[in-house]
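Visitor: I'd like to learn how to read a few features off a model. Could you walk me through some?

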Amino acid sequence: MQADQKKALYEEATKELVSITEGETNVTALMATVSCILSEKFDYYFWTGFYVVDPNKQNELVVGPYQGTLGCLRIPIGRGVCGTAASTLETQLVADVHAFPGHIACDSRSNSEIVVPVVNADGQLIAVLDVDSVELNSFDEIDRVELETLMQRIFAQ
């Protein structure tokens, strides 16, 4: 996909999501809506969803709203791509998940991945947005910047 096409799709998705979610405070509703819109908008997104910090087990992420095949139920913080994003609070952009140390394969068809930490208005980690693709090298700086901006706009209000 061309860079300008990708940016245009993100612009559409952002406008749509901001319009739909304006005033909504329920985090589950927000996550479900974001997963749905992003999954529908981008053909190269194979799995799109959230892993939420478990309030009862602060060292684990538990699967939240998503679109796609069956996700892992739990991921230890610090392990795999999602756990690394959660522990470092830095977006993980992975061209080939099979080369990522400690990668957790929830679906063997996934080949590349981007995981964005999601923080609330207080700066506290509440989840990670996980997007997988069946193709290698699906995600780039455009995805990183757009998804980071979108997560901040929707969840850090």
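Visitor: Let's start with Cys82: is this residue buried or exposed?

Guide: Keep in mind that this is a predicted model. Buried means under 20% relative accessible area, so Cys82, at 4%, counts as buried.

Visitor: And how does Cys36 compare with that cut-off?

Guide: Cys36 has a relative accessible area of 31%, which makes this residue partly exposed.

Visitor: How many disulfides does the structure hold?

Guide: To call one, you look for two cysteine sulfur atoms within 2.5 Å. Here there are zero disulfides. For Cys36, the nearest cysteine sulfur belongs to Cys82 and sits 20 Å away.

Visitor: On to helix H4: what is its reach, and what would be expected?

Guide: At 1.5 Å a residue you'd expect 21 Å, and H4, with 15 residues (141-155), spans 21 Å from first C-alpha to last. Its buried residues are Ile142, Asp143, Leu147, Leu150, Met151, Ile154 and Phe155. They cover an arc of only 145° around the axis, so they fall on the same side of H4.

Visitor: What covers those buried residues?

Guide: The cover includes helices H1 (3-21) and H2 (27-41), along with strands E1 (47-54), E5 (112-119) and E6 (125-133).

Visitor: Which residue caps the N-terminal end of H4?

Guide: That's Asp140: one of its side-chain oxygens is 2.9 Å from the backbone nitrogen of Ile142.

Visitor: Where does Gly123 lie?

Guide: In the loop between E5 and E6. Gly123 is partly exposed, at 47% relative accessibility.

Notes
Residues are numbered from 1 along each chain as its sequence is written. This is a predicted model: local features need pLDDT of at least 70, side-chain atom pairs count only at pLDDT 80 or more; totals for chains, interfaces and linings use all residues. Side-chain values use heavy atoms; hydrogens and water are left out. Helices (H or I, at least four residues) and strands (E, at least two) are DSSP runs, numbered from the N terminus. The expected span of a helix is 1.5 Å times one less than its number of residues. Buried means under 20% relative accessible area, exposed over 50%, partly exposed in between (1.4 Å probe, protein chains only). The arc is that of the directions from the helix axis to the C-beta atoms. Contact means heavy atoms within 4.5 Å. A polar contact is a pair of N or O atoms within 3.5 Å; within protein, one must be able to donate a hydrogen and the other to accept it, and residues adjacent in sequence count only if both atoms are side-chain atoms.
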